[in-house]
Amino acid sequence: MKGTSIKNLSFSYPGDTRLILKDIDLEVEAGEFVCLLGQSGCGKSTFLRLLAGLEKPTVGEITQDGKVIEGAGLDRGVVFQSYGLFPWMTAGDNIMLALKQKYKNMTKAQHKEIAMKALRAVGLKDDVFGKLPKELSGGMKQRCAIAQAFSINPPVLLMDEPFGALDAVTRARLQDMVLELWGSTQDKKTVFFVTHDVDEALLLATRICVLGQAPSKVIYDVKIPADRKPTRDTLFDDIEMMKLRNELIRYINRDVASHIE
């Protein structure tokens with residue numbers, strides 16, 4: 001069965017009895033764009049690390065296409081908020097590092113060709129290939145990180161608040177770019193996108209899962225049909241989307257209030 005299955009998932013860090021995540025059950029179909037929405041500190045990034053195989057569940061399991069996730073793998077691309085680029089390597093070499101692991105039988109020239117195509121796909125010029133991360137703006141670094149993740153063509157893409165540190169204009173451009181990349185192929189990648197921004201979730205997602213405060217679980221789960229998906233132009237004019245926006249905010253605020261009490 002294609003897709004990601006999370007069953008009876010609970011997590012606490014070794015040596016700590018406090019649960020970060022508790023009793024999460026989720027079935028995600030291949031090709032869904034899932035935004036994990038919630039307040040800071042609710043466990044969204046931890047959940048993403050579990051999906052990436054960087055942490056192991058305390059209880060339960062996560063399967064991808066029927067196989068249990070037991071560690072990091074090239075079938076899952078990861079984009080972090082902090083870019084994840086090695087500062088001593090050029091942008092091109094950072095991308096090719098992943099390609100060498102994925103396509104071991106290819107030549108260096110073939111790796112470079114794929115890397116160049118990936119850079120162009122995210123709107124960067126060819127000369128970025130030879131530049132160090134310190135020579136790039138924050139938006140350019142994040143484009144490189146996205147190019148790196150897409151270059152290995154993984155069926156699953158994990159994005160941890162990738163635009164949180166960017167200015168509003170750059171953020172909007174990269175949101176549109178990710179949507180375009182995601183929708184550009186017939187076999188869409190499954191995307192898990194962590195955010196605490198309700199408007200960002202509404203703009204990007206085909207499905208939104210709200211995580212409550214720790215020990216976190218899914219407190220609200222909604223799918224957005226393709227014919228109802230808003231654009232940047234219609235997001236604040238669509239009455240149904242505004243109702244959903246208010247509902248999402250209401251669930252988050254109620255959960256926060258219940259923990260304060």
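## Basis of the description

The model is predicted: local features need pLDDT of at least 70, side-chain atom pairs count only at pLDDT 80 or more, and totals for chains, interfaces and linings use all residues. Residues are numbered from 1 along each chain as its sequence is written, and side-chain values use heavy atoms, with hydrogens and water left out.

Helices (H or I, at least four residues) and strands (E, at least two) are DSSP runs numbered from the N terminus. Buried denotes under 20% relative accessible area, exposed over 50%, and partly exposed the range in between, with a 1.4 Å probe and protein chains only.

Strand E8 spans residues 190-195, and six of its six residues are buried. Thr 190, Phe 192 and Val 194 lie on one side, with Val 191, Phe 193 and Thr 195 on the other, so that both faces are covered. In a regular strand the side chains alternate between the two faces of the sheet.

Two strands pair if DSSP finds at least two bridges between them. Strand E3 (residues 33-37) runs parallel to E8 and is joined to E8 by five bridges; Val 34 has Phe 192 as its bridge partner. Strand E7 (residues 156-160) is likewise parallel to E8, over five bridges, and Met 159 is partnered by Phe 193. Together with helix H5 (residues 168-183), E7 and E8 make a right-handed β-α-β unit; a crossover is right-handed if, with the strands pointing away from the viewer, the path from the first strand over the helix to the second runs clockwise.

## Thr 195

Thr 195 belongs to strand E8 and counts as buried because its relative accessibility is 2%. Its side chain makes a polar contact of 2.7 Å with the side chain of Glu 200. A polar contact is a pair of N or O atoms within 3.5 Å; within protein, one must be able to donate a hydrogen and the other to accept it, and residues adjacent in sequence count only if both atoms are side-chain atoms.

Contact means heavy atoms within 4.5 Å. Neighbours within four places in sequence aside, the contacts of Thr 195 include Leu 36, Lys 44, Glu 161 and Arg 171.

## Helix H3

Helix H3 (residues 108-121) has 14 residues and reaches 20 Å from its first C-alpha to its last, close to the expected 20 Å at 1.5 Å a residue; the expected span is 1.5 Å times one less than the number of residues. His 111, Ala 115, Met 116, Ala 118 and Leu 119 are buried in H3. Seen down the axis, these buried residues fall within an arc of 160 degrees, so they line one face of the helix; the arc is that of the directions from the helix axis to the C-beta atoms.

Helix H2 (91-102) and helix H4 (138-151) are among the elements that cover the buried residues of H3. Ala 109 and Lys 117 are exposed, on the face turned away from the buried side. Gly 123 follows H3 and has a positive phi, near 85 degrees.

## Ser 216

Ser 216 lies in the loop between strand E9 (207-211) and strand E10 (218-223). This residue is buried, with a relative accessible area of 0%, and its side chain reaches the backbone oxygen of Gly 212 at 2.8 Å. Beyond residues up to four places away in sequence, Ser 216 touches Ile 20, Leu 21, Lys 22, Ile 24, Cys 42 and Leu 211.
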